[in-house]
Amino acid sequence: IAVAVGLRGDKSTNNGDANKLYYYPKANLALNLHSFDFWTLGAVSQFKLRAAYGQSGRFSNFDDRFNAMVGTFIGNANGLFPSNLRGNKTVGPERQSELEFGTDLGFFRNRLTIDVTYYVKSIDDLLLRAQIPQSTGYVNQVLNAGALENRGIEIGIEATPVKGNFTWNTGINFWKNKSEVTRLDVPAFNIGGFAASLGQYRIQQGKSATQIVGTYEEGCTD
C-alpha cells in the first residue's frame, strides 16, 4: 500500500492581489493486491488499484490586471494610447481539480499489461477574454467567468509476444473525453475557427467546449 498527500501554496504578481496565497491539495493511494499473501493467481503477475485527487492553478497573463498603454509614432513624435484590453484588478487564477480511478493489470510475468483510468477534471474560475461595452473605452477584459468539466477514460494494452534474441513489442491505446461548459457568466461567444460558413468554435453553457457551429444557406443542397 502506498499513500501520499501534499499541499502547495502559490502566489503571483499576475493575480489582482499579488500577496494572496492560493492553496492546492493533492493525495493518491495505490494498492498492490498481487503482493499480499492471499494472492494465488499465478497467471496474474500484477493487479494494482489506484486513486488520486489533486488541484493546481493557472495564472492569468501579467498584463491582464493593468490598463496597458501601446506605443505609437505620430507626426515625428513618440506617444502612447490605451490598448483594447481593460485591466482587471480582481483577476485570479483558474483552479483545476482532477479525480481519477484506475487499475494496472499484468499477465504472464507482465508479457501482457492492461491499464485503465477513468477521470473527472473540472476547471473553476475559468479565465476568459470577454467582450465588454465599448462605452468603457475598451473592447475586452479578462474575467474569471466560467467553469468547465471533462470526463473521460483511457485504456492502454501492451504485449510482448516474443522475447529473447528477437523481441517483439506491440501496443494499442484508446481514449475518450467529453467536455461541458458548466457555468458561463458572460454571453456565449465564438473564438475563431474556419469562417462562419464553415464552422467556428463556440463557448456556450451546457455545451461541449469543442462544439463547432456555422451557417448555411437554406434550400442549398450542394
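Four aromatic pairs are counted in this predicted model, taking rings of Phe, Tyr and Trp (its six-membered ring) as paired if their centres lie within 6.5 Å, with planes under 30 degrees apart called stacked, over 60 edge-to-face and the rest tilted. Two of the pairs are set out here.

| Pair | Centre to centre | Angle between planes | Class |
|---|---|---|---|
| Trp39 and Phe47 | 5.7 Å | 65 degrees | edge-to-face |
| Phe107 and Phe108 | 6.4 Å | 45 degrees | tilted |

Phe47 has a relative accessible area of 23% and counts as partly exposed, while Phe108, at 52%, is exposed. Here buried means under 20% relative accessible area, exposed over 50%, and partly exposed in between (1.4 Å probe, protein chains only).

The model is predicted: local features need pLDDT of at least 70, side-chain atom pairs count only at pLDDT 80 or more, and totals for chains, interfaces and linings use all residues. Residues are numbered from 1 along each chain as its sequence is written, and side-chain values use heavy atoms, with hydrogens and water left out.

The protein has 15 strands and zero helices; both are DSSP runs numbered from the N terminus, helices being H or I of at least four residues and strands E of at least two. Its radius of gyration is 25 Å, well over the 17 Å given by the globule rule for 222 residues, so the protein is more spread out than a compact globule. That radius is taken over C-alpha atoms, and the rule is 2.2 Å times the number of residues to the power 0.38. Along the principal axes, the C-alpha atoms fill a box of roughly 85 × 60 × 40 Å. Of the 222 residues, 26% count as buried.

Ser83 sits in the loop between strand 5 (77-82) and strand 6 (85-86). With a relative accessibility of 14%, Ser83 is buried. Setting aside residues up to four places away in sequence, Ser83 touches Ala68, Val70 and Tyr138, a contact being heavy atoms within 4.5 Å.

Asn144 belongs to strand 10 (residues 140-144) and is partly exposed, at 23% relative accessible area. Beyond its neighbours within four places in sequence, the contacts of Asn144 include Thr90, Val91, Gly92, Pro93, Arg183 and Asp185. Leu127 is also among them; the C-alpha atoms of Asn144 and Leu127 are 4.8 Å apart, although the two residues are 17 apart in sequence.

Across the protein, residues 24 or more positions apart account for 55% of the contacts with a separation of 6 or more.
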